[in-house]
Amino acid sequence: MNSIFDIIGPIMIGPSSSHTAGAARLGKMARCIFRATPKKVDLTLYGSFAKTYKGHGTDRALIGGLLGFKEDDTNIRVAHKLAEKEGMEYNFIESPLDVGHPNVVRFDMYDEHNRHMTVIGRSLGGGQIMITEVDGNDMSITGDEFTLVVFHEDRPGAISLVSQALSESDINIATMRVFRKGKHKDAVMVITTDTVVNPITVQFMRECPGIQDVMTFEAL
């Protein structure tokens, strides 16, 4: 069964659930992954995003999300002015490439120290999104649930180590997917949980051998 939100979409600043609400959520998730408001960002748009982003307000929604606004925040309407006030530089790039989905954006984000991170995501319709890549690592993050992302070396024991740490913290795993670049190369665990993972458990994981980084996300 579909809920009414699947049919009419979320409460949002319009006009489009996919091009506006979804875009705002993509920007907000990219900001969460970057762990800061970027000082500079290049936004490469693909497919329908590239063709209609000005008319559908996708540009304002993406910038608003990067500033931390939710899809129903009226500040999205003046996101360009607020970004200028915040000192955030942005550049939209319209790509002609077919990347297999109509609503895709690539964020190339930089901070004041020129730290760079790339996040790629897509708007799925009805305000739903999916982050599909972070710094060249394939993954799947929807932002609908508490999510733990663990960057690690692909080696025996890594998954059991993380699972045990969650179990000892009384955290129940809802889903788990593992993505890797190749055998014994960099890998990523994307885990959704019933409750938020506490900071002590996150820090414990970060200090474990073979774990490169750990990120946590609450539902958007």
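A residue is called buried here when its relative accessible area is under 20%, exposed when over 50%, and partly exposed in between, using a 1.4 Å probe and protein chains only. The model you are looking at is predicted, so local features need pLDDT of at least 70, side-chain atom pairs count only at pLDDT 80 or more, and totals for chains, interfaces and linings use all residues. Residues are numbered from 1 along each chain as its sequence is written, and side-chain values use heavy atoms, with hydrogens and water left out.

Let's start with the aromatic residues. Rings of Phe, Tyr and Trp (its six-membered ring) pair if their centres lie within 6.5 Å; planes under 30 degrees apart count as stacked, over 60 as edge-to-face and the rest as tilted. The structure holds two such pairs. Tyr53 and Phe92 are stacked, because their ring centres are 5.5 Å apart and their planes stand at 25 degrees. This pair links distant parts of the chain, 39 residues apart: Tyr53 is in the loop between helix H3 (48-52) and H4, while Phe92 belongs to strand E2 (residues 89-94). Helices (H or I, at least four residues) and strands (E, at least two) are DSSP runs, numbered from the N terminus. Both Tyr53 and Phe92 are buried. Phe92 also pairs edge-to-face with Tyr90, at 5.9 Å centre to centre and 70 degrees between the planes. Tyr90 has 31% relative accessibility, so Tyr90 counts as partly exposed. Together, Tyr53, Tyr90 and Phe92 form one aromatic cluster.

Now turn to helix H4 (residues 58-66), where eight of the nine residues are buried. Among them are Leu62, Ile63 and Leu66. Just after H4, Gly68 takes a positive phi of about 100 degrees.

A charge sits over a ring if NZ of Lys or CZ of Arg is within 6 Å of the ring centre and within 35 degrees of the ring normal. Arg115 lies over the face of Phe34, 4.0 Å from the ring centre, and the charged end of Lys40 sits over the ring of Tyr110, 5.7 Å from its centre.

Finally, follow the strands. Two strands pair if DSSP finds at least two bridges between them. Strand E4 (residues 116-125) pairs antiparallel with strand E5 (residues 128-134) over six bridges, and Val119 stands opposite Val134 in E5. Two residues separate E4 and E5 in their hairpin, and Gly126 in the turn has a positive phi of about 65 degrees. Antiparallel pairing continues from E5 to strand E6 (residues 137-141) through three bridges, with Asn137 in E6 as the bridge partner of Val134.
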